[in-house]
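Hi,

Here is the structure I promised to pass on to you. Have a look at it first, and then read my notes below.

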Amino acid sequence: MANTATVDELGHSPEVRGKNYLNQTAGVWSWLTTVDHKRIGIMYLVSVLVGFGLGGIFALLVRLELLTAKKTIMDATQYNQAFTLHGAAMVFLFIIPSIPASLGNFFLPLMIGAKDVAFPRLNLLSLYLFWIGAIFMLAAIVTGGVDTGWTFYVPYASGVSTTSVISATFGVFVMGFSSILTGLNFIVTLHKLRAPGMSWYRMPLFLWSLYATSIIQVLATPVLGITLLLLIFERAFHIGIFDPTLGGDPVLFQHFFWFYSHPAVYIMILPGMGVATEILTTHSKRRVFGYKAIAFSSVAIALVSFLVWGHHMFVSGQSELSSAIFSFLTFFVAIPSGVKMFNWLGTLWGGSIRFTVPMLYGIAFLFLFAIGGLTGLFLGTLSVDLHLHDTYFVVAHFHYVMMGSTAIAFFGGLHHWWPKMTGKMYDEKLARVGFALTFIGFNWTFFTQFILGTRGMPRRYYNYLDQFQPLHAFSTYGSWVLGTGFLITFICLARSLKSGAPAPANPWDSATLEWQTQSPPITENFEKAPIVTLDAYERPAEETA
Amino acid sequence: MSTSHAEHDHGHGSANGDHVPHVLPFKVYIATFATLLFLTVVTVAASYVDIGHTGNLIVALLIATIKASVVALIFMHLKWDHKFHGIIFVSALLFLAVFIGITMSDTEFRGEAEAIEAKNPVDLKDPFKAQRTGDIAIPKEAAAPAAAGSAAPAAGSAAPAAVPAKH
């Protein structure tokens, strides 16, 4: 933002130049005991990328199995475990913590001009809780896998499945605490640690999205915790809560589960929207169009997200009254989402658009989120959902939102902030190849599944009718292109760590505060506490113009 | 008890937002504890008075609400805290109400469509007939023969008269 009266062009005196958060102290122990939000963010980043790799391997295995209509590489039980672990790893180990815990942890204090988050030790605790939860999940994989689907629906999960359901659900339970603590930390940090002059309406919109996300994390995650505990109690001690043979109500489990998990969809997508906003404004060199509209639409999405969970349950046996109410309420999500979309387009309009790698991801986000969001309206329509429910149309829809939007925004954000985090520039050409293959492979894989779904291919089926085989094979070929794209992206980023050119403090000529310190930042973030005098995304030149 | 807390009006919500510890006299805690015990006794006593299922439920919930309010206001110090924290607390209750309320729109009305369908079984050979008879726009005289027809499907039809509900 260069909107500080006390910070020079690079923000540092010769004494601190060359020192940064990476080389301040050395050794594994210094990392494991750090309370620096940047190091914690980096450890989260590595962790979620491992989760992404794990989930990705299971995804490729699932797609490979579906290459043919009968058995290809695994039996039906292994297939059930593969798609369950793909879903569970991607949701709980990757998407939910991906942007908030890694990029959010790293950049939230920097963007508000703070030295750290409000509770640094709590921040480290949340990372350890995440690791502990992940260990339980990995233990579940090693000790027999899980075959319930990532939603752990009862009564199968509570009484029928012979796999390691308790270990997996307990892992998710523990990771939930990590999520709550991170959300709490962010809320307090944003309320209490903004630099002088950094009013709410001067904050970058990524932070508004993190704020909205944190509200959901704090309010909704405890419900998941309770639900999974009840599931564990029912499975371990046969206490009748959800299992009808024990006097329970299985549809009640779905109410409990989706009261968290639908808002959790917005835990996943809202930070992606925030990242996209930062990318689009920076790489089009234009101030965000409709700042307040985007900010409040994030909060609106967070609030509406609590009122629509039953649209996952239209065919569960819930009452028709409930289904009609949920279908009606679901359409309200489209309003703030549409507000965002048009404001992003308004931001690009007349901007000086540079097709940098982050911008390519940002534009891809717009395309893919438009498709993912609009197909969500199809599924929110009660009468249409009765036909499309549990088909590949649903699979394609949520992959366009989760993968096409959130994961694409995450990788866009990673490329955007990589120079700041590592102090290294990456090979633009190779990164473009990685992006192109990812974008093509993604649409190849999942647009095909929209067609499969509308033709009646049910999701989670091991064997399927021969008529679906060509489209399944086509989708599988796409997954190989997608996997190659991600592999190239990882190679590109990893190579930059070793041989990348040193990154300047502000390679993208961005207006936000995190670029006004050196790359990578010093441990204290800023040598002198910044004083903010300009509005969000406002440049000094505009002030004098 | 509020008289001893004049200083807290200044202690909370200072310009820099720092939190000043709030201390209540010991007797206030004892009095609160006694109130909670007394209300517990009232709850048990009220359960012996039969004023109908709904009446008993309302009384029990009313007493429980008073107890929870006493805990929140005094033990949790919300009475002397920032108004903002009160809003947060009430918001949490609101979310709980949304969760339970909308869930009850399912549990209290589940299966009603099945009951209606059972009264008007679908004739697979003319699946929209039953719907037409259920249409209030059709005069009763005109609908009566059709309704009788749909209730007794054509003899010799191999297909079942009623299809199971979608769920």
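Leaving aside its neighbours within four places in sequence, which residues is A:Phe92 in contact with? They are A:Met137, A:Val172 and A:Met175. Two residues are in contact if their C-beta atoms, placed from the backbone, lie within 7 Å.

Before going on, a word on the background. This is a predicted model, where local features need pLDDT of at least 70 and side-chain atom pairs count only at pLDDT 80 or more, while totals for chains, interfaces and linings use all residues. Residues are numbered from 1 along each chain as its sequence is written, and chains are lettered from A and ligands numbered from 1 in the order in which they are written.

Back to A:Phe92. You will find A:Phe92 in helix α3 (residues 76–111) of chain A. Helices (H or I, at least four residues) and strands (E, at least two) are DSSP runs, numbered from the N terminus. A:Phe92 counts as buried because it has 24 C-beta neighbours inside 10 Å; the cut-offs are 20 or more other C-beta atoms within 10 Å for buried, 12 or fewer for exposed, and partly exposed in between, with C-beta atoms placed from the backbone. Between the C-alpha atoms of A:Phe92 and A:Asp427, 335 residues apart along the chain, the separation is 31 Å.

Next, a pair of helices in chain A. The axes of α8 (residues 250–283) and α9 (residues 291–304) of chain A come within 11 Å and cross at roughly 175°. That is why α8(A) is roughly antiparallel to α9(A). Axes are lines fitted to C-alpha atoms, for helices over the stretch in contact, and angles run from 0 to 180 degrees between N-to-C directions; under 35 degrees counts as roughly parallel, over 145 as roughly antiparallel, 65 to 115 as roughly perpendicular and the rest as oblique. From α8(A), A:Tyr266, A:Leu270, A:Met273 and A:Thr277 meet A:Ile294, A:Ser298, A:Ile301 and A:Ala302 of α9(A).

Now for chain B. Chain B has 7 helices and 0 strands, and 4% of its 167 residues count as buried. Among its contacts between residues at least 6 apart in sequence, 50% join residues at least 24 apart.

Finally, how many residues does each chain bring to the contact between them? Chain B gives 14 residues and chain A gives 16 residues. On the side of chain B that touches chain A, α4 (83–107) and α5 (112–119) of chain B each give two or more residues, and α4(B) has the largest share, 7 residues.

Happy exploring!
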